Amino acid sequence: MASTGFWSREGENAAGDSNQSPSTPRAWCLAAQKFTGDLGSKLYALLNVGEGNKTASSATKKVLAASENCDCNKPCNCSKRNLDLSNLYSTDLLPASDGDLATITFLQEVVDLMLAYIVTSFDRSTKVHIRGRASVRAAGVRHSEEDEEIIGWQDGQGDGIFSPGGAISNMYAMLVARFKMFPEVKEKGMSSVPRLAAFTSEHSHFSIKKGAAALGIGTDSVICIKADESGKMMPLDLERRIVEAKQKGLVPFFVSATAGTTVYGAFDPLHAVADICKKHNIWMHVDGAWGGSLLMSRKHRWKLDGVERANSVTWNPHKMMSVPLQSSALLVREEGLMQNCNQLQACYLFQQDKHYDLSYDTGDKALQCGRHVDIFKLWLMWRAKGTFGFEAQIDKCLELSEYLYNKIKDREGYEMVFDGKPQHTNVCFWYLPPGIRYLEDKEERRRRLHKVAPAIKARMMENGTTMVSYQPQGDKVNFFRMVISNPAATFEDIDFLIEEIDRLGQDL
Ligand SMILES: *Cc1c(COP(=O)(O)O)cnc(C)c1O
């Protein structure tokens, strides 16, 4: 029996023909013939090369043999079934020794998924459905397996767009928030609007200020709110600064709370921020570029409690979820707002008299015209790993960072930048070489410590063994910021890192 999707559509001689398995070159050739014109013949020629006298490696033969005997519609023992994609890392693939089987099976799975996708999108009856629904659904962060809302907006509400990164998603949020309060800004520009004020914590990402600059709001109109010792925005200071801005005649329109700050990995208290935004009628944005993916983890999603009260959320699958750059979404609670804010209905592209439901034309929500199909990589990974696969991957990274924290928090020569367990995978610490460890003179100690992290990082790069970023923050001199987002990392890697820093920094 032919397997699912692409292959079962072959029709004529499907039943009982093992050549119909997606994993055989013969079946690929048959499939290629389905495409008309140039594409079909090119694919056919490509796939048919050396078909007769192929000298497949024994590993290849083994995989092919396994899958030829397998219809893969039910539990079985073929190699494909045995390979857990959510647990497969680049280190398992070639050139790893014994990586042949894993590599071949992995690539076959990718090809199968992609061919199934291509066929569905070539099928006229589903074409619109795929283009429209796939992006809208994923942008609303629903996942197909359980069709459950991850953010938690009521009644499946939500709108969104994939953008070229978190910085742009944040700028979109500011744009939509301004439009919501002053729709006339779209036609009349900033001269029709009073002086605005936006609020974000002093630890927030620089893109909030860049967005304000780009939108003509100005960086001076972004008011930085104090963060506490562990990097969280202080709600009392937020409210105080909002009242103060109003007294000065400014109009507060936008608060950006950060879920997972870039340096400390801190999560702002979203419920407290939401209360203040509600009281003062201000748009609440959550910059979850880094920490938003924790929503995929049942163990860690409590850190974003209150995100369901946000008006908009930035979420970067290209960070914690390892989707290749770039994959970032801005999610907006109110449906239709982005469309109204950005659409111009260019008549040569977004014709209103098309023969299908125009709600599938989502392109006018964006500032861009031509765009990447950014959803595709995410969709493909989600199909392959599943929600549980992503969850396992995220939990693993957090477990590794906790392991690192536990190992260095009381270790001689290491000092944590802030007290307590990190909330995300950012572990911030100083390494104090023996020569600095017992210095009495505080100023001298600070001065020398400031130079340690850059010196060790330079040695790391010269040695080619590892690489950890560093930076100062506020009044704190340069410290290491170890961020774990690669689930293929191991406990041994962490042990090595600690030893390596000791080794490279001893004499400083
Ligand atoms: C990385 C980051 C951004 C920017 O995202 P890009 O995709 O690099 O543009 C915004 N906010 C936070 C909190 C980030 O960590």
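**Entry 1: the ligand site**

I began by noting that this is a predicted model. I then looked up what surrounds the ligand. There are 15 residues around the ligand, and Gly-166, Ala-167, Asp-287, His-318 and Lys-319 come nearest. By class, I found three nonpolar, ten polar and two charged residues in this shell.

I went on to the polar atoms. A polar backbone atom of Gly-166 is 2.7 Å from an oxygen atom of the ligand. For His-318, a polar side-chain atom lies 2.9 Å from a ligand oxygen. In the side chain of Lys-319, an N or O atom is 2.9 Å from an oxygen atom of the ligand. I also looked up how much of the ligand is covered. Taken alone, the ligand exposes 380 Å², and the protein buries 84% of that.

**Entry 2: Lys-319**

I stayed with Lys-319 and checked the UniProt record. The unreviewed entry lists Lys-319 under "modified residue: N6-(pyridoxal phosphate)lysine". I placed Lys-319 in the loop between strand 6 (312–315) and strand 7 (328–332). Is Lys-319 buried, partly exposed or exposed? Its relative accessible area is 30%, so I wrote down partly exposed. Leaving out residues up to four places away in sequence, I found Lys-319 touching Ala-289, Trp-290 and Ser-485.

I looked at two other spots in the loop between strand 6 and strand 7. Ser-322 lies there. Ser-322 is not a glycine, yet its phi is positive, about 60°. I noted Ser-322 as partly exposed because its relative accessibility is 33%. Gln-326 is also in the loop between strand 6 and strand 7. The peptide bond that joins Leu-325 and Gln-326 is cis, with omega about -5°. I marked both kinds of feature for a reason: most residues other than glycine have a negative phi, and most peptide bonds are trans.

**Entry 3: the loop between helix 4 and helix 5**

I searched for such features elsewhere. Pro-95 lies in the loop between helix 4 (79–82) and helix 5 (100–122). The peptide bond from Leu-94 to Pro-95 is cis, and omega is near 10°. Asp-98 is found in the loop between helix 4 and helix 5 too. Phi of Asp-98 is positive, near 65°, and the residue is not a glycine. I checked its exposure as well. Asp-98 has a relative accessible area of 72%, so it counts as exposed.

**Entry 4: Ala-366**

I found Ala-366 in the loop between helix 12 (337–342) and helix 13 (375–408). Why did I call Ala-366 buried? Its relative accessible area is 5%, and buried means under 20%. I listed its contacts, not counting residues up to four places away in sequence. Ala-366 touches Ile-161, Tyr-172, Asn-342 and Arg-371. I also took one distance. Ala-366 and Cys-341 are 25 residues apart along the chain, and their C-alpha atoms are separated by 9.4 Å.

**Entry 5: Gln-154**

My last stop was Gln-154, in the loop between helix 6 (124–139) and strand 1 (159–163). Gln-154 counts as exposed because its relative accessibility is 59%.

Note on methods:
Residues numbered from 1 in each chain as written. Predicted model: local features only at pLDDT ≥ 70, side-chain atom pairs only at ≥ 80, totals over all residues. Heavy atoms only, no water. Near = heavy atom within 4 Å. Polar contact = N/O pair within 3.5 Å; in protein donor to acceptor, adjacent residues only side chain to side chain. Areas by Shrake-Rupley, 256 points an atom, 1.4 Å probe, with all protein chains shown as cover. Nonpolar A, V, L, I, M, F, W, Y, C, P; charged D, E, K, R; others polar. Helix = DSSP H or I, 4+ residues; strand = E, 2+ residues; numbered from the N terminus. Buried < 20%, exposed > 50% of the residue type's maximum accessible area, 1.4 Å probe, protein only. Contact = heavy atoms within 4.5 Å. UniProt positions renumbered as here; feature names shortened; annotations may be inferred.
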